[in-house]
Structures are given as C-alpha cells and as structure tokens.
Amino acid sequence: FIRYFAGHTGMVTSLQRSPNTQSTSMVSASMDGTVRLWNLDTVKPVCTVDIEGGNNGVAAAYDPSGMVVAVAAGSQAIQLYDVRKMTKGPFTSAPIASKLTVAGLKFMPPTGDYILLAMSDGSIMLLDAFQLTTLAVLSSTTHSDISPPVDPVVSALGQMQQQCFGQNVTATPDGRAVIAGNDNGGIVFWDVDSVLANNVSKQPLAVHAPSGTWNGSHDGPVGVCAFNPLLMECATGSQSLTLWTSIYKSRG
C-alpha cells in the first residue's frame, strides 16, 4: 500500500473519496461511532466527529458537490454537515421515519436532490435531500430463507456490513434509476420518475416493486453495485465480477 490511514477503533462502515475533482479529501465512518475527514496526503484525520447515537455504528456519504456529508446513526436520525464546519455539528437533521437500522446511504446523482438509505431488511428509502422527508420505499432485495448466517454477538450494523447491505445499492449517473443487487444473484432496478409519480400524496407510503430486472445473474448474493461516474457502465460483484452497460440513456 502507498499510505496507511490510522484512527478508527472499530470496523469501517463507510468510505468515500470526495466527488470534487479539485479535492484530495475522503470521508469515513465506523462502528466506533465517529465520522472522520481525511486528506490523502496525510495519515492523520483532518477532523473527527463523535456522532450522537452512533454507538451501534454510523454510515456517511458525500453529496455530489463534495461540500456536504450526510450521516445516519443507526435508526435514530439523518444529519447533514458542511465539510468546512464538521466539528460545529450538523446544519440540519431529521429523525429517520423507520425503526430499521440504516446500513448505508448515498446521494442520488447528478444533483443530489435525493438520498438513498439502504435499510436493515434490504429495503431502500428514497428521501428528499433538502427536507429529509421520505418520498418512497423500494421493496426489499433480500430473501430470509437464503440470507447468509451472521455472528449473533455482532451489532445490527455490523451484521449488515457482513452481508454487504448498503454496498449493493447504487444509482445511474443521470439519476434516472436506482440499481440494487439481490441476495439471489439478480440485479433489479427502479425507474425514479415512475416511483415518484405513483407515490404522490399516498400515506402511508406504498412499497414499490422493482421496475425490472437486468438479464443474467450472479452465482451468489450480490454484495456490491457501483457505477462509473463518467460512463453509463455498472460493476456488480458476488463470487464473480460483472460489467453492465445500462439500459438507460442520458437525459441530455
């Protein structure tokens, strides 16, 4: 390795390089209940933030501008921080409208108007990134009869990280679709415009089944889905690695 970044005292649950191409920063979150900002040129964290309610683990992610970090602490709250003022606390926060634990989170590209929360039951919550209100719930990508065993002494977030929850959810670079890997080896997607159009003024929120499935499947549970930020190409990983060309075309 080129450089070793030491600081966290628990398992790292989130790690992301700043999407700002002019920045050399990255953000990490851990089971130790902290979020840390790093400069790739130094081995010590630039700042460390103790997250209230983060004893069971924390998830964190940059917005597309690289100026805001969203933090979810278990099942308690989602918070937004200005990266220039991390130690001063969040500039806004809201309770999570669910008793489930957040396994991972991601801002929807390209503008970051929405936030995806990957939940402990495999479902996905779609939030308004400004109001932090839940706009829709996407159906679970897991099947209890084939879920891998977990260590009973590990916390809820730790168990989800073992199963790669939170890493199996992504979005197309144009923000038109949410992509997720199933624990049965398949890849499913939701058309965001259709989900939002069918969810207007519905309370309680309906749970949306996938809009479709990509052809082909993996030979085991899909633990990772990630898009190339510049190209409409998706990488998914299980016991094998697969590259996909998206069925969607850019709005431009």
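**Entry 1: salt bridges**

A salt bridge is a side-chain nitrogen of Lys or Arg within 4 Å of a carboxyl oxygen of Asp or Glu. I applied this rule to the structure, which is a predicted model, and the count came to two salt bridges.

I looked up R36 first. R36 forms a salt bridge with D32, and their closest N and O atoms are 3.8 Å apart. This pair qualifies because the cut-off is 4 Å.

I checked the accessibility of both partners. D82 counts as buried, at 15% relative accessibility, whereas R84 is exposed, with a relative accessible area of 63%. I noted as background that side chains of opposite charge can pair when their charged atoms come close.

**Entry 2: the strands around R36**

Strand β3 covers residues 34–39 and strand β4 covers residues 45–50; the two run antiparallel and are joined by five bridges. Within β4, T48 is the bridge partner of R36. I also recorded that β3 and β4 form a hairpin, with five residues between them.

Most residues other than glycine have a negative phi, and most peptide bonds are trans. I therefore searched for departures from this pattern.

The peptide bond from P109 to P110 is cis, with omega near 0 degrees. I located P110 in the loop between β9 (102–107) and β10 (114–119).

L132 is not a glycine, yet it has a positive phi of about 60 degrees. I found L132 in the loop between β11 (124–128) and β12 (134–138). Is L132 buried or exposed? Its relative accessibility is 5%, so L132 counts as buried.

**Entry 3: the largest pocket**

I next examined the largest pocket, which holds about 940 Å³ of space. It is lined by 35 residues, and the closest to its centre are Q16, R17, K106, F107 and F227.

Which strand gives the most to this lining? I found that β1 does, with six residues. The strands that each supply at least two lining residues are β1 (12–17), β5 (58–62), β9, β13 (169–171) and β18 (224–227).

Lastly, I sorted the lining of the largest pocket by residue type: 20 residues are nonpolar, 12 are polar and three are charged.

Methods: Residues are numbered from 1 along each chain as its sequence is written. This is a predicted model: local features need pLDDT of at least 70, side-chain atom pairs count only at pLDDT 80 or more; totals for chains, interfaces and linings use all residues. Side-chain values use heavy atoms; hydrogens and water are left out. Buried means under 20% relative accessible area, exposed over 50%, partly exposed in between (1.4 Å probe, protein chains only). Two strands pair if DSSP finds at least two bridges between them. Helices (H or I, at least four residues) and strands (E, at least two) are DSSP runs, numbered from the N terminus. On a 1 Å grid over the protein atoms alone, a cavity is a set of points where a 1.4 Å probe fits but cannot get out, and a pocket is an open set with protein on both sides within 12 Å along at least five of seven lines; lining residues have an atom within 4 Å of a point. Grid points are joined across faces, edges and corners, and a volume is the space filled by probe spheres set on the points. Ala, Val, Leu, Ile, Met, Phe, Trp, Tyr, Cys and Pro count as nonpolar, Asp, Glu, Lys and Arg as charged, and the others, Gly among them, as polar.
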